[in-house]
Amino acid sequence: RTRPEENRPTWRHVSVPLPAARVRQVSVEADAAGLDLELPGALQVAREEAAGKVTVRAVMRPDRPFAARWQAHVRSVESKLLAASELNLILAVSPGTLRVDALASYAISQGTLRELRFSVPRELSVTQVRGPFLQDWLVSDTPEGRTLTVRLSREQEKQYRLQVLGEAPLGAFPAEAGVPVLQPLDGTRTDGFVAVATESAIQLQVRDAVGLVQVDPSAFPRVQLAEDQPRAVPAGKAFYYAFAALPFRMTLALADIVPTLDTEARMTLTVRDDDLVFDGALEVDIRDAPVRALQVTIPAGYLVSAVTGPAVADHTVTDVPGGTGRILTAELREPVIGRTVLEFRLELGKSPLGATHALEGIGLKGVRTERGYVVVVADAGVLIELPEAENLRQVNTRSIPMRVADAQYAWRF
């Protein structure tokens with residue numbers, strides 16, 4: 001009777017006593033090709049394979065029983081890939097662009113992963129693919145649509161993570177935009193999470209969310225491919241969702257948030273015998289949304305000699321199309337929300353004596369409320385006839401909240 005070997009369960013063996021003789025020749029035939037067949041202790045062993053059978057001939061020693069052991073070849077069969085994937089999506093909305101950061105985590109229960117495929121919406125441009133053992137990637141058009149194919153240099157048997165970055169264009173605000181969904185094509189099922197957020201001054205609303213369940217921000221997994229590759233969710237308004245299967249549908253309603261500006265102005269007009277100088281200081285309170293630039297309307301014919309402020313980086317001056325004024329634009333170093341100060345100086349560049357001069361239309365564009373003071377100062381020996389003012393209320397020069405030496409006239413607005 002055949003028995004399995006103790007430490008090698010895939011091998012079986014049998015031992016049969018034979019009559020004693022000086023020469024004992026044996027022939028063993030197996031009806032299965034590819035069988036490992038051994039005769040322990042035999043001499044002059046010869047093996048033949050023909051017609052799907054294995055024949056082993058040998059000479060047995062006179063003092064030992066006949067013994068044979070065998071094992072069938074186990075053919076390696078490529079198993080079907082069984083892998084579940086979790087998709088972690090971060091959607092960052094900015095003016096003109098929707099940035100997509102997709103991190104796919106695969107848990108492999110059967111088979112090996114050597115190539116990954118994703119369905120890519122036509123409006124989404126894949127800009128970068130990251131992952132360990134990455135060999136190459138390609139976006140191609142197929143009968144089913146656009147497909148991202150990622151090839152790995154080494155087969156993955158247990159777990160794998162891949163990060164895909166992309167961008168989709170957004171139209172002019174206000175607008176509605178569908179979210180392009182990157183969908184894994186390998187594996188048995190896909191679930192995951194979505195975060196959609198913005199850092200810009202954008203009014204963000206989720207109009208349509210099919211196949212999604214809104215979750216608390218603390219439930220959103222903060223996963224990343226590597227420690228040196230953080231995946232931050234924009235710090236502005238954000239929404240978080242979970243999904244149990246793909247595809248899902250999400251539509252965003254987008255609009256600009258208009259910042260609210262309030263200004264306290266301090267303006268000083270100095271009349272000299274060789275020039276007319278206007279110094280303006282605007283204390284601006286910015287609310288609801290940050291601004292990247294401040295624009296001031298100024299009269300034509302004056303030179304802008306200085307523009308300063310704690311947040312000012314640079315400035316430009318342009319003419320108003322079809323108008324008589326000009327626009328002074330102060331570019332800020334970074335978007336500003338809160339209080340900031342803008343100071344500027346205008347110079348006539350010639351003597352103002354013996355002529356009538358009018359200053360009008362000086363103010364911050366887009367301001368909701370504007371209050372402040374205008375003060376007129378003259379150098380010694382310069383006489384100013386009684387000025388005329390419109391939409392201003394004259395006040396005593398000692399009642400203004402700023403110190404101006406030798407102030408002759410003051411108004412409030």
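**An exposed aspartate, then the rest**

Tutor: Asp 406 counts as exposed because its relative accessibility is 63%. Exposed means over 50% relative accessible area, buried under 20%, and partly exposed in between (1.4 Å probe, protein chains only). This is a predicted model, where local features need pLDDT of at least 70, side-chain atom pairs count only at pLDDT 80 or more, and totals for chains, interfaces and linings use all residues. Residues are numbered from 1 along each chain as its sequence is written, and side-chain values use heavy atoms, with hydrogens and water left out.

Student: Where does Asp 406 lie?

Tutor: Asp 406 sits in the loop between strand 29 (393–394) and strand 30 (407–412). Strands here are DSSP runs of E, at least two residues; helices are H or I, at least four; both are numbered from the N terminus.

Student: What is phi of Asp 406?

Tutor: Near 60°, a positive value in a residue other than glycine. Most residues other than glycine have a negative phi. Asn 391 also has a positive phi, of about 60°. Asn 391 is in the loop between strand 28 and strand 29. It is exposed, given its 78% relative accessibility.

Student: Which residues form the negative surface patch?

Tutor: Asp 273, Asp 274, Asp 379 and Asp 406. Patch members have over 30% relative accessible area and no salt bridge; like charges are joined within 9 Å, and nonpolar side chains (Val, Leu, Ile, Met, Phe, Trp, Tyr) within 5 Å. Asp and Glu count as negative, Lys and Arg as positive.

Student: Zooming out, how many helices and strands are in the protein chain?

Tutor: Zero helices and 30 strands. The C-alpha trace spans about 150 × 40 × 40 Å along its principal axes. The radius of gyration is 42 Å, while a compact globule of 413 residues would have one near 22 Å. That radius is taken over C-alpha atoms, and the globule rule is 2.2 Å times the number of residues to the power 0.38. Buried residues make up 39% of the 413.

Student: Which peptide bonds are cis?

Tutor: Phe 173 to Pro 174 is one of them, with omega near -5°. Pro 174 is in the loop between strand 14 (159–169) and strand 15 (175–178). Another cis bond joins Leu 246 and Pro 247, with omega about 0°. Pro 247 falls in the loop between strand 20 (238–243) and strand 21 (249–256).

Student: Now charges. How many salt bridges does a search of the whole structure find?

Tutor: It finds 21. The criterion is a side-chain nitrogen of Lys or Arg within 4 Å of a carboxyl oxygen of Asp or Glu. One of them pairs Arg 231 with Asp 101, with closest N and O atoms 3.1 Å apart. Arg 231 is in the loop between strand 19 (213–214) and strand 20, Asp 101 in strand 9 (residues 97–110), and they are 130 residues apart.

Student: What about Asp 262?

Tutor: Asp 262 bridges to Arg 368, with closest N and O atoms 3.1 Å apart. Asp 262 lies in strand 22 (residues 260–271) and Arg 368 in the loop between strand 27 (363–364) and strand 28, so the pair ties together parts 106 residues apart in sequence. Salt bridges that share partners join Asp 262, Glu 283, Asp 285, Arg 287, Arg 339 and Arg 368 into one network.

Key. Accessible areas come from the Shrake-Rupley method with a 1.4 Å probe; for residues, only the protein chains shown count as cover. The place of a charge is taken as NZ of Lys, CZ of Arg, CG of Asp or CD of Glu.
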